[in-house]
Amino acid sequence: MARTTQLFELQQVDSQSDELLRRALAIRHALDETDSLRSARERHAAAVAALTTAQERLLVLSREVDEMSAHLALQSKRLYDGSIKNPKELVAIEHDVTSTKNLRSAREDVMLEAMDAVDQVQAAVDGAARDLEVAETEWQRNQDGLLEEKDTLDGQLRVLRTRREKMVAGIAWTDLQLYEKLRKAKHGTAIAGLENDVCQACRVTVPGGTLRTVKQGQEFVYCPSCARVLHPGARGDLVRW
Ligand SMILES: [Zn+2]
């Protein structure tokens, strides 16, 4: 096999691998949580946190009201059970009962507002939970397809790797060095095919004299425009699934 053909076929395998690797990388990114799922999860967590705060506030208020009620029950008992004889003390207790009742009534109003707040936040939590479920279902459906594609890609990449190892074993070391160096310098494409006398890498028509040398296939001929090694064929036949 001509030296350029060996490298050209290696190029087909490498270009195909590069493409598959790019897709594999995109899949890996897509397998992470999507922005919409992440934001649905954040909204739900924020709503749950707000609900906890509202419930805690309601609990504090209801304990305050309970304490006032217990205090009132005690003071009322003292007023009427005849245990206190001192009229001044009785008047003081009456005052205390009246002011505690007022205070409790005000606290109960605040407690009602807090109950409303809990209901509202609970509704927000329910809404956020529904949104999150939709986002998770959508994401999961997408994941299944991606995982399948990733499996296929991994298999194809394994095949290409094996193929490459066999090819490399038959290529002269100096040719391989040249190829790797060019591939690094030329965005992955070291060997360019020719189609209708046009370099397939840079799309520039190659002059006749150069073309003849390329077609003989005995030595490396560089594209005068992009400086890649030219190969007389346009496509390799190796990469097929
Ligand atoms: Zn070119």
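This is a predicted model: local features need pLDDT of at least 70, side-chain atom pairs count only at pLDDT 80 or more; totals for chains, interfaces and linings use all residues.
**Domains**

I began with the division of the protein, which gives domain 1 as 3-19 + 172-231 and domain 2 as 33-167. I then looked up the separation of the two C-alpha centres, and found domain 1 and domain 2 to lie 66 Å apart. The contact between them draws 5 residues from domain 1 and 5 residues from domain 2, and on the domain 1 side I noted 2 nonpolar, 2 polar and 1 charged residues.

**V168 in helix α3**

I next turned to V168, which is found in helix α3 (residues 87-169). I recorded V168 as partly exposed, because its C-beta neighbours inside 10 Å number 14. I also looked up its distance from Q6: V168 and Q6 are 162 residues apart in sequence, yet 8.8 Å apart in space, taken C-alpha to C-alpha.

**Helix α4**

I repeated the length check on helix α4 (residues 173-185), where 13 residues at 1.5 Å a residue should span 18 Å, and the end C-alpha atoms are 18 Å apart, in agreement. The buried residues I listed in α4 are Y179, L182 and R183. Looking down the axis of α4, I saw that its buried residues fall within an arc of 100 degrees, so they line one face of the helix. The face turned away from that buried side carries exposed residues, namely W173, T174, Q177, K181, K184 and A185. As for what covers the buried residues of α4, I found that the cover includes α1 (3-31) and β3. Just after α4, H187 takes a positive phi of about 50 degrees.

**The sheet**

I then traced the strands, and found an open sheet of 3 strands in the order β2-β1-β3, with mixed pairing. Why is one side of β2 and of β3 left without a neighbour in the sheet? I noted that β2 (198-199) and β3 (229-231) stand at the edges, each with a single partner strand, and so one side of each has no neighbour in the sheet. As background for this entry, strands of a sheet pair through backbone hydrogen bonds, either parallel or antiparallel. Strand β1 (residues 191-195) pairs with β2 in the antiparallel sense, over 2 bridges, and I found E195 standing opposite V198 in β2.

**Positive phi in two loops**

I looked up N196, which lies in the loop between β1 and β2, and saw that N196 has a positive phi of about 50 degrees although it is not a glycine. N196 counts as exposed, because 7 C-beta neighbours lie inside 10 Å, against a cut-off of 12 or fewer.

The phi of A227 is near 65 degrees, a positive value in a residue other than glycine. I recorded A227 as partly exposed, with 13 other C-beta atoms within 10 Å.

Terms used:
Residues are numbered from 1 along each chain as its sequence is written. Two strands pair if DSSP finds at least two bridges between them. Helices (H or I, at least four residues) and strands (E, at least two) are DSSP runs, numbered from the N terminus. The expected span of a helix is 1.5 Å times one less than its number of residues. A residue is buried if 20 or more other C-beta atoms lie within 10 Å of its own, exposed if 12 or fewer, and partly exposed in between; C-beta atoms are placed from the backbone. The arc is that of the directions from the helix axis to the C-beta atoms. Two residues are in contact if their C-beta atoms, placed from the backbone, lie within 7 Å. Domain bounds come from an automatic or database domain assignment. Ala, Val, Leu, Ile, Met, Phe, Trp, Tyr, Cys and Pro count as nonpolar, Asp, Glu, Lys and Arg as charged, and the others, Gly among them, as polar.
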